[in-house]
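User: Please take a close look at one part of this model: the side of one chain that touches its neighbour. Then set that part in context.

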Protein chains: 4
Amino acid sequence: MTAAQLRIGVIGYGYWGPNLVRNFAAGPRTRVVAIAESVPARRQAAAVAVPHIRCVADAAAVIADPEVDAVVIATPLFTHHGLARAALEAGKHVLVEKPLAPSVAEAEELAGLAARAGRVLMIDHTFVYTGAVRKIASLIAGGELGRVLYLDSVRINLGLFQPDYNVIWDLAPHDLTIIDFVLGKTVGATARWISAIGVSHYGRHENLAYLTVGFDGDLLAHIHVNWVAPVKTRRMIIAGSKKMLVWDDTSPVEPVKIYESSVDVKAIDKESAYALNVQYRSGDITSPKLDGREALSVMAQAFAAECLDGKASDSGAAVGVRIVRLLAAAQRSLEQQGARVAL
Amino acid sequence: MTAAQLRIGVIGYGYWGPNLVRNFAAGPRTRVVAIAESVPARRQAAAVAVPHIRCVADAAAVIADPEVDAVVIATPLFTHHGLARAALEAGKHVLVEKPLAPSVAEAEELAGLAARAGRVLMIDHTFVYTGAVRKIASLIAGGELGRVLYLDSVRINLGLFQPDYNVIWDLAPHDLTIIDFVLGKTVGATARWISAIGVSHYGRHENLAYLTVGFDGDLLAHIHVNWVAPVKTRRMIIAGSKKMLVWDDTSPVEPVKIYESSVDVKAIDKESAYALNVQYRSGDITSPKLDGREALSVMAQAFAAECLDGKASDSGAAVGVRIVRLLAAAQRSLEQQGARVAL
Amino acid sequence: MTAAQLRIGVIGYGYWGPNLVRNFAAGPRTRVVAIAESVPARRQAAAVAVPHIRCVADAAAVIADPEVDAVVIATPLFTHHGLARAALEAGKHVLVEKPLAPSVAEAEELAGLAARAGRVLMIDHTFVYTGAVRKIASLIAGGELGRVLYLDSVRINLGLFQPDYNVIWDLAPHDLTIIDFVLGKTVGATARWISAIGVSHYGRHENLAYLTVGFDGDLLAHIHVNWVAPVKTRRMIIAGSKKMLVWDDTSPVEPVKIYESSVDVKAIDKESAYALNVQYRSGDITSPKLDGREALSVMAQAFAAECLDGKASDSGAAVGVRIVRLLAAAQRSLEQQGARVAL
Amino acid sequence: MTAAQLRIGVIGYGYWGPNLVRNFAAGPRTRVVAIAESVPARRQAAAVAVPHIRCVADAAAVIADPEVDAVVIATPLFTHHGLARAALEAGKHVLVEKPLAPSVAEAEELAGLAARAGRVLMIDHTFVYTGAVRKIASLIAGGELGRVLYLDSVRINLGLFQPDYNVIWDLAPHDLTIIDFVLGKTVGATARWISAIGVSHYGRHENLAYLTVGFDGDLLAHIHVNWVAPVKTRRMIIAGSKKMLVWDDTSPVEPVKIYESSVDVKAIDKESAYALNVQYRSGDITSPKLDGREALSVMAQAFAAECLDGKASDSGAAVGVRIVRLLAAAQRSLEQQGARVAL
């Protein structure tokens, strides 16, 4: 029945909801049949933008709607668990905004519930569906970079403060998911510990944090997330033993650049403290053409494909749980002055 | 006797020595009268570039030379202490490449020796003499940024591996000195702890490290130093409560940019978890004109001014000791998996 | 009756039409009541995106519609005159995509018709409504740049070839309108001649052209328009006797930069051929914060204000005719190997 | 006798002379034995920088010196002819700063004199020896760009005004030589006409000019030279039917970028004015690694190779004469309001 259309109910028409509505409405395999939004002004915005889609105040009505096959949840983090559980219990497929839940227990409960119900539980980890991340993952999987040495990510800007959690829970899900996808899925790198240092300049939640993730061997990932920075920066460096790459997500023309640069260290002469035979190689720089489709649209169709065809997506419940586990461990480290928390 | 010229003997004509020779030779208050260099090929290079300056193999000859008023030491780190001590004991003024010494004990011993001998001991912390750092310090001192919230520095490139120490001892002296100058000297911020995480991909010394320095209150500094990066990056963000600035030392046209951007958080309504009144302000961006003189030349003349006129420089023995203390603490943290080391 | 809403009929739902529909639909003083589009696939696109707006095949139906107060024409250049004339004759206000018409005679006829009918004829010269152009005009008007010396504009990219006219008619209307606004309206600079050189690499219409516009005195404007360029460039330099500015319309963060740079030449010593006392001044660089509203929305509301309140816009019929006159003169120069054509 | 060293006398130790001295002194096949400089302060500068090289006031003494094999002339343009003629008549090889002479007659006379005397006459067209230009020429020669469509060069900055000639004679020699080398030498493109428009804002010589060079077929080159620009720009676009490239000479990391972008226009359907089957292709962007040697040093050794081994350089007398011919034609066009001047 692959020709069928998935009928979507969207809960939450705030900041991200309109983007979800637009992409699910564009189809071809999905259709938006209802929206629930508790804030009157936002319901009014929906009435102007999508007057042909029914918009109600009550999420429960959408969840109970027999015309809705799948529920898309774009509400604040602390409501994810309740809404997703209700939707799964009502027999709906569920897509949840990232992160899946504010605790490992809630995330695992939702994953278990979905598994038992035979329903799809997917998380909108949009970055996994970008042309840049797909290209980077394929470069690493294909061995083009050689052995991966480290990953350094900077995700900072003058950003909206979230009222009920810190910058780690807001921004780091992006980096952690990308790391999980480009290092975990491709070459099986397994995170062993995480540490986090942060500071709160305005109130109780940290607006600036540095995360370090240690993997087996000498692989390290470092993440800088920050709501109080003068310039929007979205830059990831991935260094390999053969090549290195820089992904600047703010660059419209050359987001990914691959550098034929590497270091080669010969065996150190033990006799002499000064003998270190390091050879540097630098060569061409290439910026590959990327898949230019809107990632959210690719994600929406991946959700449809899993719901309608059973084809597993790249941001399913297991991914969602893993990311929450990393976030919770980072939170614990933060509360322990940056001490390493084993994973 | 301010009209006199300081007669300089330079020890070490490797990577940095030629720059020191060129700047001290350019005067007006300094003159290079001798060079010592143990490697024959480098002596040959000196013979081609500066055939009119005497160049010998033996550092002791320069140190003992009665025509030499001041000795400039541009040799490997582990030779600093021995050479500097000999020169001070011979009654010479001394300028040492950064960092002053590989241990706090050695650094302190040199400082004490210089004080007792009544001779100048200065460290070539060149960055303190750049137009950018002087401008940043004056902005902070004048309150233009407001209260400083954090400092984030990235100093990475495909860099020369040092054979006998790690990337922290090689690159972080720059950042730590800048921090010491723009935060310590201006607004009296005092570092309370340091933590360091690093990794070694080639041999025994770390080629990549992240340092965090905690100050009183909620001020944090973070430093990324790295010898294995595809693109040379020299970027420092300093965020204040009123304005923020970015210093990109690789930009020839606009190295320092000041952003009229800030965040203003009103008192949080305790009744509601969701009430967070954050106001964002963003305005003009200004790139101030900087003093364009070569920093090394400014440093050289500051050394002359201290030796000849007794005018204290901004990178004297006390600064050198403080920086070594920070480096040693970072090293200790590195060896303890990033645990905070109190200062 | 300023509270009334202007009821808009849009003709053409191709490349630009959807943007016009979106902005006129967003109001508050305008409403889109009908769309005409002759291509079935594009009507289908309208049905998906704006299912609540009536969309017909026949432009005449929209023009005749008594519920339509104003007609917005976003169709190919050679249809502008016929559609605009019909709409004006039907008593509608008219907004036409740039340029107004493919000949001076047609442009003037439309302007005359609108004047006699007492209806608004406005051209969608969107750039005049951008924050950047408003800021630049106010800087020049306020004398901040001093006397304007020259303007140099580059507007190039791998662009859509227009089938029925060359790159001058496609892209140069933007530059010419901006020049007309920032130099003509503010300081009364009057263009005296124009010359154009171009080349056609693919078929009969030029895909690359250089235009020079001479003004009274020593003021010169130069424009490079190009459909076959590897990188999208939208850069305008305006040099004044006191300051200079660069507008890079592709930069999201700092589109306009003002340089405190200038040249000051003292009276030349007549005795000596070599005496030329030029003094250079360079200082701070400032990027002013700009009005960030979408220009098309500002333009749409300016159209509403003129139709409803009689408040003249900045891209009325007279501007439209002037721009067509410049384009036609450039075309004549192009056909005469770049000979200057007087204006 | 290829092992011999060429003994160089340099006339002129002003702006460029020190660079020539440094590169010829660095050898290995050249040695600087004398400098002539008429300005006392500049002779003093030479005494400080190169105290071991004899420096005299009188150029004639260097030209007559039997220890001098070759004379390097780095003096103002209007002195080139007299000095070069005297040196050639004294039996010396001659290297002249660009451009060779201020008139075609003088340039041709020097070329003829050198030919008759059997001496080398070379011009310091340094750009021909840069890694970027060599790479670009080899890409074009190898057909990698396809058929070359156009070349667009921008060479502007807040530059030193030359007292005795305009910006065309100062800056355009660079562009014209590069064009001559990458288009003329490689694929035999022959310039047929030139036109120039300029303006003088300060005194009698133009400080801003636009040059257009027409070649056989539809190939066009355009050059913007300017002494009064806020930002230093050195950007050349070369578009080919297969690929395009941008050379940004101010970029330290990626000066040359090759874009796999092109336009493919199918035969136009004659039936329909609107049918234009243009296909766009855009793909990877590559920045090739370039030869990083200092161009002036490569040029110096090319001069040595021609003098000592008879190996013809890429900037010999014939090139010098061609460039002066283009400059003189541009000057004529400038004086005729941009009329095309046939070559």
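The answer below starts with the chain, then turns to its contact side.

Analyst: This is a predicted model, where local features need pLDDT of at least 70, side-chain atom pairs count only at pLDDT 80 or more, and totals for chains, interfaces and linings use all residues. Residues are numbered from 1 along each chain as its sequence is written, while chains are lettered from A and ligands numbered from 1 in the order in which they are written.

Chain A first. Its secondary structure comes to nine helices and 17 strands (DSSP runs numbered from the N terminus; helices are H or I with at least four residues, strands E with at least two). The radius of gyration of chain A is 22 Å, close to the 20 Å of the globule rule for 343 residues, so chain A is as compact as a globular protein of that length. That radius is taken over C-alpha atoms, and the rule is 2.2 Å times the number of residues to the power 0.38. Along the principal axes, the C-alpha atoms of chain A fill a box of roughly 80 × 45 × 40 Å. Of the 343 residues in chain A, 52% are buried (20 or more other C-beta atoms within 10 Å of the residue's own, with C-beta atoms placed from the backbone). Among contacts in chain A with a separation of 6 or more, 68% join residues 24 or more positions apart. A contact means C-beta atoms, placed from the backbone, within 7 Å.

Now the contact side. In chain A, 42 residues are in contact with 42 residues of chain B. Strands of chain A that each supply at least two residues to this side include S7 (148-158), S8 (191-199), S9 (208-215) and S10 (220-226). S11 (228-240) of chain A is also one of them. S11(A) gives the largest share, six residues. By class, the side of chain A that touches chain B divides into 29 nonpolar, 10 polar and three charged residues. Ala, Val, Leu, Ile, Met, Phe, Trp, Tyr, Cys and Pro count as nonpolar; Asp, Glu, Lys and Arg count as charged; the others, Gly among them, count as polar.

Chains D and C come next. Here 42 residues of chain D are in contact with 42 residues of chain C. Strands of chain D giving two or more residues include S7 (148-156), S11 (233-240) and S15 (278-281). The side of chain D that touches chain C has 29 nonpolar, 10 polar and three charged residues.

Note on methods:
Contact = placed C-beta atoms within 7 Å. Buried ≥ 20, exposed ≤ 12 C-beta atoms within 10 Å, placed from the backbone.
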